[in-house]
There are 2 protein chains.
Amino acid sequence: MKTPVKIAVTGAAGQISYSLLFRIASGELFGNDQPVILQLLEIPQALDNLQGIVMELEDCAYPLLDSISTSDEPNIAFQDVDYAFLIGARPRGPGMQRSDLIGTNAQIFAEQGQALNRVAHRNVKVLVCGNPANSNCMVTIANAPDIDPANFSAMTRLDHNRAVGMLARQCGVSASDVKHITVWGNHSNTQYPDLFHAKVKGQAATRLIDEHWMSDTFVPTIQNRGAEIIKIRGLSSAASAANAAIDHMKTWKNGTPHGDWVSMAVPSDGSYGITKGLVFSYPVTCQNGNYAIVQDLEINKFSLEMLKTSEAELLDEKKQVKNLL
Amino acid sequence: MKTPVKIAVTGAAGQISYSLLFRIASGELFGNDQPVILQLLEIPQALDNLQGIVMELEDCAYPLLDSISTSDEPNIAFQDVDYAFLIGARPRGPGMQRSDLIGTNAQIFAEQGQALNRVAHRNVKVLVCGNPANSNCMVTIANAPDIDPANFSAMTRLDHNRAVGMLARQCGVSASDVKHITVWGNHSNTQYPDLFHAKVKGQAATRLIDEHWMSDTFVPTIQNRGAEIIKIRGLSSAASAANAAIDHMKTWKNGTPHGDWVSMAVPSDGSYGITKGLVFSYPVTCQNGNYAIVQDLEINKFSLEMLKTSEAELLDEKKQVKNLL
């Protein structure tokens with residue numbers, strides 16, 4: 001039997017984690033021969049509820065689930081972890097401005113970055129899902145100076161999967177027939193789901209769809225899909241977000257399929273003229289546990305404007321958290 | 001690519017289904033080369049909410065998810081299905097007696113049995129999870145006379161997994177080291193989780209545990225685990241129930257591991273002296289999509305009394321639904 005991998009999940013009693021933990025424990029993410037140790041973090045007032053989830057995990061008799069621990073202390077939950085899913089974040093409350101939210105969450109992620117820096121495995125892979133995910137990820141990186149920034153990313157895979165699904169439905173094909181979708185920028189409604197490089201069964205998507213459908217329907221639908229789900233379900237996306245987190249980590253670990261790429265928000269190295277250090281969603285390929293930003297894609301005027309809008313939002317968020325960078 | 005299998009799920013907007021659907025669509029149950037069609041049933045007032053879940057399923061861009069349909073009409077949802085997860089049931093409301101609940105639900109399952117009889121594939125495998133699951137299953141069978149009763153079962157796999165997990169923790173071993181656990185009887189607090197045949201790393205469990213621990217701690221803890229989870233979580237078991245539903249269907253379809261058995265509630269053929277036709281949880285082995293009740297286990301006096309208690313409860317439930325049998 002392999003040595004167990006240690007996996008931290010924050011916000012572990014929340015809805016996304018409830019959809020995530022059981023799929024990790026079943027072996028879906030790390031494989032059928034890889035035992036896992038779950039190290040769950042929650043705020044003190046959610047620890048009782050978390051205990052109920054631990055009981056449910058026990059009730060599955062998962063052969064691969066080596067052990068589970070719970071804590072409200074990042075220094076304990078992150079001890080020696082190989083993977084960290086940072087899902088927990090303060091939701092926007094009544095009367096709260098977006099800027100209040102960014103400040104409060106940045107503080108949480110600064111502390112978690114420091115804890116990761118102190119106690120996590122040096123090769124830990126950190127996925128930030130808690131919103132505002134890109135800026136939270138940037139703050140986490142800045143507070144973990146002894147860990148390579150390339151070990152951190154924020155999640156735009158849900159947006160990516162939404163874009164793949166919507167284009168597939170529009171063209172009447174399977175999701176597996178769609179390649180080279182990119183979601184650029186911030187995981188917010190300034191994100192840019194880009195179809196100009198997309199292929200559908202090997203054909204350029206732009207030859208199959210109307211340009212107005214793309215700009216007037218596709219782009220705003222993907223940008224606002226999260227809000228639409230909340231409106232219909234009365235709850236925010238949980239199972240699809242957990243699914244994207246699994247996809248993200250699985251691709252990062254196992255690699256992208258030959259001839260395709262995925263979207264991940266990673267620290268910008270200046271590619272495509274984006275300010276260095278911003279956590280920006282790019283098309284990436286993964287191999288041997290590392291990602292590389294896809295280079296030299298042609299960016300037309302429409303796309304460039306979209307990228308710049310999302311960059312501007314991220315620069316504005318950066319200003320609001322500058323005391324933690 | 002294989003022909004898609006058609007899977008009906010009732011109560012599709014509920015919490016158990018929310019944990020189940022995404023795992024089915026990901027390929028975890030039927031395999032990575034088997035496309036699936038989801039045919040979702042809900043009551044009219046839950047169809048809007050169900051639409052939000054359909055959107056989330058679309059947002060996963062599952063390559064194996066061929067299509068999804070929703071309906072409030074069993075004759076549509078069950079059309080040609082190969083597998084049916086009957087999860088939806090009326091929950092017990094304020095002031096409702098258990099007998100009221102049994103009557104209301106029996107009516108629902110009688111209608112669903114009739115619909116399965118009319119439109120489902122003749123080899124459909126039906127798993128009843130909605131409570132009271134055993135009697136609901138008996139009613140479903142009685143109302144589907146053209147389908148082999150061996151194609152119906154009710155779920156005690158959650159109880160089974162709970163028992164495996166608890167014995168493993170008590171003995172400090174992995175769940176995969178525990179074999180030959182049986183949950184007998186009704187999926188209620190008269191169920192009997194039986195350790196007298198259980199093996200832990202090949203050793204008789206009764207040699208490793210104290211008899212009083214078994215009768216005074218183990219049995220009542222497993223019998224009342226569901227209520228305990230509700231107390232702690234404030235919600236009933238959902239993810240662990242969905243997990244058990246996957247385990248149940250997977251074992252039924254793919255077979256039991258060599259040298260082990262599982263617990264399934266199936267129509268009694270009189271084995272172990274249980275009234276024929278009652279849906280009773282037994283130890284079973286599965287092969288080629290069929291189950292067989294494990295025969296000739298020694299039943300001691302303590303066990304016999306437990307089996308008889310659970311049988312008596314099922315006979316009492318049977319009386320309450322006799323107009324639908």
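Predicted model: local features only at pLDDT ≥ 70, side-chain atom pairs only at ≥ 80, totals over all residues.
Residues are numbered from 1 along each chain as its sequence is written, chains are lettered from A and ligands numbered from 1 in the order in which they are written, and side-chain values use heavy atoms, with hydrogens and water left out.

Salt bridges were searched for across the whole structure. A salt bridge here is a side-chain nitrogen of Lys or Arg within 4 Å of a carboxyl oxygen of Asp or Glu. The search finds 20 of them over all chains. One of these joins the side chains of Asp159(A) and Arg162(A), with an N to O distance of 3.7 Å. Both residues belong to helix α6 of chain A, residues 157-171. Because they are 3 residues apart in that helix, about one helical turn separates them. Helices (H or I, at least four residues) and strands (E, at least two) are DSSP runs, numbered from the N terminus. Asp159(A) and Arg162(A) are both buried. Buried means under 20% relative accessible area, exposed means over 50%, and partly exposed lies in between (1.4 Å probe, protein chains only).

Other salt bridges cross between the chains. Glu58(B) pairs with Arg169(A) through their side chains at 3.5 Å, N to O. This pair runs from helix α2 of chain B (residues 47-58), which holds Glu58(B), to helix α6 of chain A, which holds Arg169(A). Glu58(B) has 23% relative accessibility and therefore counts as partly exposed. Arg169(A) is partly exposed too, with a relative accessible area of 39%.

Arg225(A) and Asp59(B) form a salt bridge at 2.9 Å, N to O. Here the contact crosses from helix α8 of chain A (residues 225-233), the site of Arg225(A), to the loop between α2 and β3 (65-71) of chain B, the site of Asp59(B). Arg225(A) and Asp59(B) are both buried. A network of salt bridges links Glu58(A), Asp59(A), Asp159(B), Arg162(B), Arg169(B) and Arg225(B).

Burial also marks helix α5 of chain B. The buried residues are Ala133(B), Asn134(B), Ser135(B), Asn136(B), Cys137(B), Met138(B), Val139(B), Thr140(B) and Ile141(B).

Cis peptide bonds occur in chains A and B. In chain A, such a bond joins Asn131(A) and Pro132(A), with omega about -5 degrees. Pro132(A) sits in the loop between β5 (125-128) and α5 (133-142) of chain A. In chain B, the bond from Asn131(B) to Pro132(B) is cis, with omega near -5 degrees. The loop between β5 (125-128) and α5 of chain B contains Pro132(B).

Positive phi values were found in residues other than glycine. Tyr272(A) has phi near 60 degrees. Tyr272(A) lies in the loop between β12 (262-267) and β13 (279-287) of chain A. With a relative accessible area of 18%, Tyr272(A) is buried. His180(B) has a phi of about 60 degrees. The loop between β7 (178-179) and β8 (182-184) of chain B holds His180(B). His180(B) is buried, at a relative accessible area of 19%.
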